[in-house]
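Please read it with the coordinates open.

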Amino acid sequence: MQDLISIFVKSIFIDNMIFAYFLGMCSYLAVSKTVKTSVGLGIAVVFVLGITVPVNYLLNEYLLGAGALSWLGPDFADVDLNFLTFIVFIAVIASMVQLVEMIIEKYSPALNYSLGIFLPLIAVNCAILGGALFMQEREYQSVAEATAFGVGSGIGWLLAIVGIAAIREKMRYSNVPAPLKGLGITFIITGLMGIAFMMFMGIKI
Amino acid sequence: MSVEAKEREPLFSSKNKKLLSSPLNRENPITMQVLGICSALAVTAKLEPAFVMAISVTFVTAMGNVVISSLRKTIPPRIRIIVQLVVIAALVIVVDQFLKAFAYNVSKQLSVFVGLIITNCIIMGRFEAFAMANKPWPSFLDGLGNGLGYGMILIIVGFFRELFGSGTLWGYPVMEQLGLYKIGYANNGMMILPPMALILVGVIIWIQRSRYRELIENK
């Protein structure tokens, strides 16, 4: 249990998707103009990461890794399908996003209304594929650990996008040098927020 | 015969040259269109991985543009995203296997970021905006130009971060050779850390927009 909590907290603060690895920067920059929309996108990311990371974990464990096919019989024990990783992961993500969208549409029209346009965008959000690839690289031991990592990174991403959106809303009233307006200042502020987040690095959990 | 000859453009007509050069300058995919930052910045702490990343992305964009543009009449519009993703993923697998075979150390350094070329928005963006509507050769040039424009920013950022962060360039100890350590120069450890990459890109955007005043955003 302690392991799970430590993975969870670590993936929110220390290995924050945006400030430590720059994943999902595209939608982070494009959608962070107002707090309301950024909360919607952030929740959608938490949702999709929480589902796709465990699913990809199972696929990696029982289909792709070296010797993962041994449950089919001894003939398959030394089959290594690792080179297919990218194509399988991205297909899983694209179809999962589609599936989640359909389920939400059917059972929760209110949630669908608020997430609406963001869900399809998420299929090409680097944070999702990045989450799956980090999960593979860091070799988590169980589905529970993979889920904790997925949800944690999602929440870290949510935290970052809501933070920048709030700052950008306030910044409308400040006097930014003209060539730096818009994109430039957003980059620099993200850098400064990243420096602030780096203080978590010293913490050992 | 003569009609055909008239319709044919020379391979490097001024229009085609512009396709290649404008992404390097005004229409830079990173600073203007805000595409492809995701997998870009984490690899720029040193010059070498930045360079390899730039070449890989250029390869995938250019080849992917050619493939999509040759298939553009046969791809059903409804499922085009999936088709595009499969093409990109296949090309990225080629790059990944190639790097693992011939440049293993760099491939280890880049770790998951080779895979993340798949979700690099530049590639999808170019497929949607250009390759779906143009012939293979202009698409190839467009892909090449955008890949190079992206690579240019990576290499500039990588150059400054390695030079001031570790005092080396491509592993060669520049600052030591210049004898700067003896007179009390110290490396700026901050440059190696992730946030500095963002601030450097911010500064590049600042410089570009002060040069071309018409690019300034009003909001």
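This is a predicted model: local features need pLDDT of at least 70, side-chain atom pairs count only at pLDDT 80 or more; totals for chains, interfaces and linings use all residues.

1. Side-chain atom pairs count only at pLDDT 80 or more. Totals for chains and interfaces use all residues.

2. Chain A. The chain is built from 10 helices and has zero strands. Its order along the sequence is α-α-α-α-α-α-α-α-α-α. Along the principal axes, the C-alpha atoms of chain A occupy a box of roughly 70 × 45 × 35 Å.

3. Chain B. Here the count is nine helices, again with zero strands. From the N terminus the elements read α-α-α-α-α-α-α-α-α. The box for the C-alpha atoms of chain B, taken along the principal axes, is roughly 70 × 45 × 40 Å.

4. Extent of the interface. The size of an interface is often given as the accessible area lost when the parts come together. For chain A and chain B that area is about 3,600 Å². Carbon and sulfur atoms carry 84% of it. The contact involves 39 residues of chain A and 44 residues of chain B.

5. How many salt bridges link chain A and chain B? The count is zero.

6. α1(A) with α9(A). Helix α1 of chain A spans residues 2-14, and helix α9 of chain A spans residues 143-171. Their axes come within 7 Å and cross at roughly 30 degrees. Angles under 35 degrees count as roughly parallel, so α1(A) and α9(A) are roughly parallel to each other. The crossing is right-handed. On the α1(A) side, the contact residues are D3(A), L4(A), I7(A), F8(A), S11(A), I12(A) and F13(A). On the α9(A) side, they include A148(A), F149(A), G152(A), I155(A) and L159(A). By class, the contact of α1(A) with α9(A) has 11 nonpolar, four polar and two charged residues.

7. α2(B) with α7(B). Helix α2 of chain B covers residues 14-21. Its axis comes within 7 Å of the axis of α7(B), with a crossing of roughly 30 degrees. That angle makes α2(B) roughly parallel to α7(B). From α2(B), the contact uses N16(B), L19(B) and L20(B). From α7(B), it uses W137(B), P138(B), L141(B), D142(B), L144(B) and G145(B). The residues of this contact divide into six nonpolar, two polar and one charged.

8. α7(B) with α9(B). Helix α7 of chain B runs over residues 136-165, and helix α9 of chain B over residues 194-211. Is this pair parallel or oblique? The two helices pack at an angle of about 125 degrees, with their axes 10 Å apart. That makes α7(B) oblique to α9(B). The crossing of α7(B) and α9(B) is right-handed. I153(B), I156(B), V157(B), F160(B) and R161(B) of α7(B) face P194(B), A197(B), L200(B), V201(B) and I204(B) of α9(B) in the contact. By class, the contact has nine nonpolar residues, no polar residues and one charged residue.

Notes. Residues are numbered from 1 along each chain as its sequence is written. Chains are lettered from A and ligands numbered from 1 in the order in which they are written. Side-chain values use heavy atoms; hydrogens and water are left out. Axes are lines fitted to C-alpha atoms, for helices over the stretch in contact, and angles run from 0 to 180 degrees between N-to-C directions. Helices (H or I, at least four residues) and strands (E, at least two) are DSSP runs, numbered from the N terminus. Angles under 35 degrees count as roughly parallel, over 145 as roughly antiparallel, 65 to 115 as roughly perpendicular and the rest as oblique. A crossing is left-handed if the near helix is turned anticlockwise from the far one by less than a right angle, and right-handed if clockwise. Contact means heavy atoms within 4.5 Å. Ala, Val, Leu, Ile, Met, Phe, Trp, Tyr, Cys and Pro count as nonpolar, Asp, Glu, Lys and Arg as charged, and the others, Gly among them, as polar. Buried area is the accessible area (1.4 Å probe) that two parts lose on being put together, summed over both. A salt bridge is a side-chain nitrogen of Lys or Arg within 4 Å of a carboxyl oxygen of Asp or Glu.
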